[in-house]
Amino acid sequence: MKFSDLNLKPNILNSIEKLGFIKPTPVQEKSIPLLIKSNRDFIGLASTGTGKTAAFGLPILQRIDPDIKSPQSIIIAPTRELCIQIHNDLLQFSSSIENIKIVAVYGGSSIE
């Protein structure tokens with residue numbers, strides 16, 4: 001299976017290809033199609049380094065409407081470091097999407 005088999009928008013596939021990703025990991029392969037289609041909760045357990053951020057982040061980006069200028073998704077992370085890591089990954093995954101804004105908000109830093 002390839003990312004192109006997961007029904008992701010062309011601009012998301014373009015960003016993924018720029019990063020050199022071709023084949024989804026098992027957690028991505030199972031979660032992405034389900035999360036694109038569904039509004040339900042999902043718990044995906046996988047080891048460190050298996051692509052969990054893409055597993056939930058790509059479906060979020062798929063469902064974002066760039067014409068809506070208000071928050072459409074919030075991701076809560078337990079540490080500042082993980083918050084920054086997720087933020088940076090989502091910036092890369094969305095590099096080919098116009099009019100989208102991704103912001104990391106965490107303690108000890110100005111929200112502005």
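Guide: Gladly! Let's start with a term: helices here are DSSP runs of H or I with at least four residues, strands are runs of E with at least two, and both are numbered from the N terminus. Please keep in mind that this is a predicted model, in which local features need pLDDT of at least 70 and side-chain atom pairs count only at pLDDT 80 or more, while totals for chains, interfaces and linings use all residues. Residues are numbered from 1 along each chain as its sequence is written, and side-chain values use heavy atoms, with hydrogens and water left out.

Now for our close look: the part I have picked is helix 3, together with its packing partners. Two packed helices are described by the angle between their axes and the distance between the axes. Axes are lines fitted to C-alpha atoms, for helices over the stretch in contact, and the angles run from 0 to 180 degrees between N-to-C directions.

Let's take the partner that comes before it in the chain. Helix 2 covers residues 26-37 and helix 3 covers residues 52-63; their axes come within 9 Å and cross at roughly 25 degrees. That makes helix 2 roughly parallel to helix 3, on a scale where under 35 degrees is roughly parallel, over 145 roughly antiparallel, 65 to 115 roughly perpendicular and the rest oblique. The crossing of this pair is right-handed, a term used when the near helix is turned clockwise from the far one by less than a right angle, with left-handed for anticlockwise.

Which residues make the contact? Helix 2 brings Val27, Gln28, Ser31, Ile32, Leu35, Ile36 and Lys37, and helix 3 brings Lys52, Ala54, Ala55, Phe56, Leu58, Pro59, Gln62 and Arg63. Contact means heavy atoms within 4.5 Å. Sorted by type, the residues of this contact are 9 nonpolar, 3 polar and 3 charged. In this scheme Ala, Val, Leu, Ile, Met, Phe, Trp, Tyr, Cys and Pro count as nonpolar, Asp, Glu, Lys and Arg as charged, and the others, Gly among them, as polar.

Not counting residues up to four places away in sequence, Pro59 touches Ile32, Leu35, Ile36 and Ala54. The C-alpha atoms of Pro59 and Leu35 are separated by 5.8 Å, although these residues sit 24 places apart along the chain.

Gln62 is also in helix 3. Is Gln62 buried or exposed? With a relative accessible area of 11%, Gln62 is buried. If we leave aside neighbours within four places in sequence, Gln62 is in contact with Asn7, Leu8, Lys9, Ile12 and Ile36. One of those, Asn7, lies in the segment before helix 1 (10-18). Asn7 is exposed, at 63% relative accessible area, and its phi is near 60 degrees, a positive value in a residue other than glycine.

Now let's turn to the partner that follows in the chain. Helix 3 and helix 4 have axes 10 Å apart and pack at an angle of about 50 degrees. The two are therefore oblique to each other, and this crossing is right-handed. Thr53, Ala54, Phe56, Gly57, Leu58 and Leu61 of helix 3 meet Ile86, Asp89, Leu90 and Phe93 of helix 4. By type, this contact has 7 nonpolar residues, 2 polar and 1 charged.

In the loop between helix 3 and helix 4 we find Ser70, which is partly exposed at 41% relative accessibility. The C-alpha atoms of Ser70 and Lys101, 31 residues apart along the chain, are separated by 9.8 Å.

Finally, let's step back. The protein chain has 4 helices and 0 strands, giving the pattern α-α-α-α along the sequence. Its radius of gyration is 14 Å, close to the 13 Å that the globule rule gives for 112 residues, so the chain is as compact as a globular protein of that length. That radius is taken over C-alpha atoms, and the rule is 2.2 Å times the number of residues to the power 0.38. Buried residues make up 30% of the 112 residues.

Key. Buried means under 20% relative accessible area, exposed over 50%, partly exposed in between (1.4 Å probe, protein chains only).
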